[in-house]
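Please look over the sheet and the aromatic rings of the entry below.

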Amino acid sequence: MQRHLISAADLTRDDAVLILDTAEEMARVADRPIKKLPTLRGRTIVNLFFEDSTRTRISFEAAEKRLSADVINFTAKGSSVSKGESLKDTAQTLEAMGVDAVVIRHGASGAPYRLATSGWIDAAVINAGDGTHQHPTQALLDAFTMRRRLVGRDAGIGQDLSGKHITIVGDILHSRVARSNVDLLHTLGAEVTLVAPPTLVPVGVETWPCEIAYDLDSTLAKSDAVMMLRVQRERMNAAFFPTEREYSRRYGLDGDRMARMPEHAIVMHPGPMVRGMEITAEVADSDRCTVVEQVANGVSIRMAVLYLLLGGAVVDSKNVPAVSPTRIEEK
């Protein structure tokens with residue numbers, strides 16, 4: 001593992017599989033009555049969020065506290081940032097406090113990379129989402145969910161997603177989740193198809209390691225997983241489609257479309273869902289929808305990432321206090 005986690009594209013297959021396998025160990029620990037581990041006791045982690053977030057921030061905080069880290073939550077609203085303080089000054093303030101890791105979400109693409117490479121702070125940097133660029137831990141938890149559902153919990157140890165067909169549908173243009181998933185799923189051997197209106201497909205997408213389609217119905221029969229994306233109105237500055245009803249009719253996932261998918265296929269969504277637009281309530285509440293699982297798996301993945309970046313001992317599911325990282329690698 002590298003020192004920072006900035007982009008899913010930075011991960012090799014072995015890096016990604018190690019994280020997924022470590023998360024499997026962490027998930028087993030979560031089944032215990034007492035879920036807290038002493039792994040990162042004495043370490044200080046700052047959650048530096050310049051954008052609003054619910055799932056990601058709470059998920060990271062839960063992961064950090066389960067590993068016994070000291071947690072500082074920082075939000076731009078109500079801080080010196082609202083008075084004009086720069087990212088550099090904020091970073092130097094955190095450096096003076098002696099933090100060990102920074103989990104950063106920022107509206108500007110590239111901000112986590114800048115923080116990690118500028119020399120402003122001597123701490124591990126984890127990208128929790130930057131602009132329309134990357135969201136690596138979301139891609140990892142999505143891959144973890146796919147491997148568990150499509151390969152199996154125990155059978156999946158040490159395995160990637162080779163031979164699986166994943167379809168990502170919706171607002172590709174503004175989605176850091178789509179970019180991260182394309183990079184990671186390609187690294188793990190999966191075949192990815194992006195489906196969106198032409199206006200919501202980024203310029204240069206033909207260089208991405210995936211296929212492009214504009215008709216959702218033509219991709220459903222071969223999909224092992226269909227990931228629906230939220231239309232990100234807050235990032236839009238133009239009319240990218242005529243009406244919400246038209247978008248839903250062509251690119252929304254309803255019961256009829258779900259019935260055309262293979263029986264084993266799953267439906268995914270990074271959240272928050274806009275029911276009735278990209279996904280109907282029937283699909284969102286079905287057993288094939290993994291939205292709630294993705295939230296739970298997010299805590300396990302983020303525990304794994306924090307452990308691997310900051311070091312410590314992996315606690316397994318048995319009554320053994322801890323095992324070395326080599327045990328995971330050997331699996």
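The model is predicted: local features need pLDDT of at least 70, side-chain atom pairs count only at pLDDT 80 or more, and totals for chains, interfaces and linings use all residues. Residues are numbered from 1 along each chain as its sequence is written, and side-chain values use heavy atoms, with hydrogens and water left out.

Four strands make an open sheet, ordered β2-β1-β3-β4, with parallel pairing. Strands pair if DSSP finds at least two bridges between them; strands (E, at least two residues) and helices (H or I, at least four) are DSSP runs, numbered from the N terminus. β2 (70–75) and β4 (124–130) each have a single partner strand, so one side of each lacks a neighbour in the sheet. Strand β3 (residues 101–106) runs parallel to β4 and is joined to β4 by five bridges. Here I104 stands opposite N127.

Helix α2 (residues 55–66) lies across β1 (44–49), β2, β3 and β4. α2 runs at about 180 degrees to β1 (axes are lines fitted to C-alpha atoms, for helices over the stretch in contact, heavy atoms within 4.5 Å; angles run from 0 to 180 degrees between N-to-C directions).

There are two aromatic pairs. Rings of Phe, Tyr and Trp (its six-membered ring) pair with centres within 6.5 Å; planes under 30 degrees apart are stacked, over 60 edge-to-face, the rest tilted.

| Pair | Centres | Planes | Type |
|---|---|---|---|
| F50 and F74 | 6.0 Å | 55 degrees | tilted |
| Y247 and Y251 | 5.8 Å | 40 degrees | tilted |

F50, in the loop between β1 and α2, and F74, in strand β2, are 24 residues apart. F74 is buried at 18% relative accessible area (buried is under 20%, exposed over 50%, partly exposed in between; 1.4 Å probe, protein chains only). Y247 and Y251 are buried. They sit four residues apart in helix α7 (residues 244–251), so about one helical turn separates them.
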